[in-house]
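User: I would like to go through the labels attached to this model and ask what each one rests on. Please set each value against its definition.

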Amino acid sequence: MSNIKGHILINSFYKTEKFMEHYQYLQDSAIRQGVELAVIENSDIFCSYGACAGEEISRALDGDSFLLFWDKDIRLGRQVEKICQKKDIFVCNSVESTAVCDDKSLTYQKLWEWNQDKPPDLQIPLIPSLIAPMAYANMGYTNTDFLGKVIEELSLPVVVKECYGSFGQQVYLAENMDQLRKTALRLGGTPHIYQKFIKESSGRDVRIEVVGGEAVAAMYRYSVNGDFRANITNGACMEPYSPSARECQLALDTAQALGLCFGGIDLLFTDSGMAEVVCEVNSNAHFKNIFDCTGINVADKIIDYILSQVTS
């Protein structure tokens, strides 16, 4: 048994079987590699200010070498990360990277910024997208005139995505103006984006798992029920995938642009036949499906990577 110990920070209020199984994968991997990985919940350590600010967090992390930030409690995370910096505790993924990936509009903004100083052949291809105009939650949209420009820019059908959401559950396809208007009015003050529908990738995509600057596993996901989304949760199927050098590099560049130590990069197919457009990025991607599909345990790769950082 090594003397390496750390915590995984999780959410106290989202403990479905799927999530708890995910945490167990990481703890089992840690045990196999002689690492002590304890769970700490976001309700165990309050983000606090004033005379005793951060003291509870500091005590909880005494003796740790690393922290796996697996929650999306960004306010707490920022204070925890600052304390970890003072205590020389390695944090992955960073709170900033997690926050950016949690918001689909910020993901695209960050990738766009990355592209600005790159020549065309080194840029990260993005889906043509428009960020929905901000509306106050208590008012929503008082008119939908802007949707004409959405259709002009993106054509129909239009994909509408809430900025916050997982498993494809907050993603919609508007086939015509009436559907688009109803969706926009329903979302109102909810942050969301409009994206061009990539017909070549309808109902299919590629998930590439990246850890420590390496593409470690990939799977092809495809719908068998006519759904334009390829999420396994929505009934899609999966099979192992051997990504091309270009697809691997795209996933690695995307992770680097977002500052991720690890994550799942979802790519869409183009008319070239390759998966060459970034769809979404998951900082805390679930890896049970990709393990079932490929036999590769991404949790082992993550613990390996952490050990390489805290023992070097």
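Analyst: Contact means heavy atoms within 4.5 Å. By that rule Pro-243 touches Ile-208, Ala-218 and Cys-248, leaving aside residues up to four places away in sequence. The model is predicted: local features need pLDDT of at least 70, and side-chain atom pairs count only at pLDDT 80 or more, while totals for chains, interfaces and linings use all residues. Residues are numbered from 1 along each chain as its sequence is written, and side-chain values use heavy atoms, with hydrogens and water left out.

User: Why is Pro-243 called partly exposed?

Analyst: Buried means under 20% relative accessible area, exposed means over 50%, and partly exposed is in between (1.4 Å probe, protein chains only). Pro-243 has 26% relative accessibility, so it counts as partly exposed. Pro-243 sits in the loop between strand 11 and helix 8. Helices (H or I, at least four residues) and strands (E, at least two) are DSSP runs, numbered from the N terminus.

User: What makes helix 4 largely enclosed?

Analyst: Seven of the eight residues of helix 4 are buried, so the helix is largely enclosed by the rest of the structure. The buried ones are Val-95, Ser-97, Thr-98, Ala-99, Val-100, Cys-101 and Asp-102. The cover over them includes strand 3, helix 3, helix 5 and strand 13.

User: Are Asp-88 and Ser-155 buried, partly exposed or exposed?

Analyst: Asp-88 has 68% relative accessibility and counts as exposed. Ser-155, at 35%, counts as partly exposed.

User: Which peptide bonds are cis?

Analyst: The bond from Cys-92 to Asn-93 is cis, with omega near -15°. Asn-93 is in the loop between strand 4 (90–92) and helix 4. Another cis bond joins Leu-156 and Pro-157, with omega about -5°. Pro-157 is in the loop between helix 6 (147–154) and strand 6 (158–162).

User: Why are strand 11 and strand 13 called edge strands?

Analyst: Five strands form an open sheet in the order 11-10-9-12-13, with antiparallel pairing. Strand 11 (237–240) and strand 13 (275–282) each pair on one side only.

User: How do you know that strand 10 and strand 11 pair?

Analyst: Two strands pair if DSSP finds at least two bridges between them. Strand 10 (residues 214–222) and strand 11 have four bridges, in the antiparallel sense. In one of them, Arg-221 has Met-238 of strand 11 as its partner.

User: What makes a set of residues a nonpolar core, and which residues have the most contacts inside the largest one?

Analyst: A nonpolar core is a set of buried Ala, Val, Leu, Ile, Met, Phe, Trp, Tyr and Cys residues joined through side-chain atoms within 4.5 Å. The largest has 30 residues, and Leu-26, Leu-68, Trp-70, Phe-287 and Ile-302 have the most contacts inside it. Elements that give two or more residues to this core include strand 1 (5–10), helix 1 (17–32) and helix 10 (298–310). Helix 10 gives the most, with seven residues. Ile-302 touches Leu-26, Leu-68, Trp-70, Val-211, Phe-262 and Phe-287, not counting residues up to four places away in sequence. Apart from this core lies another, of 23 residues, including Leu-250 and Val-281.
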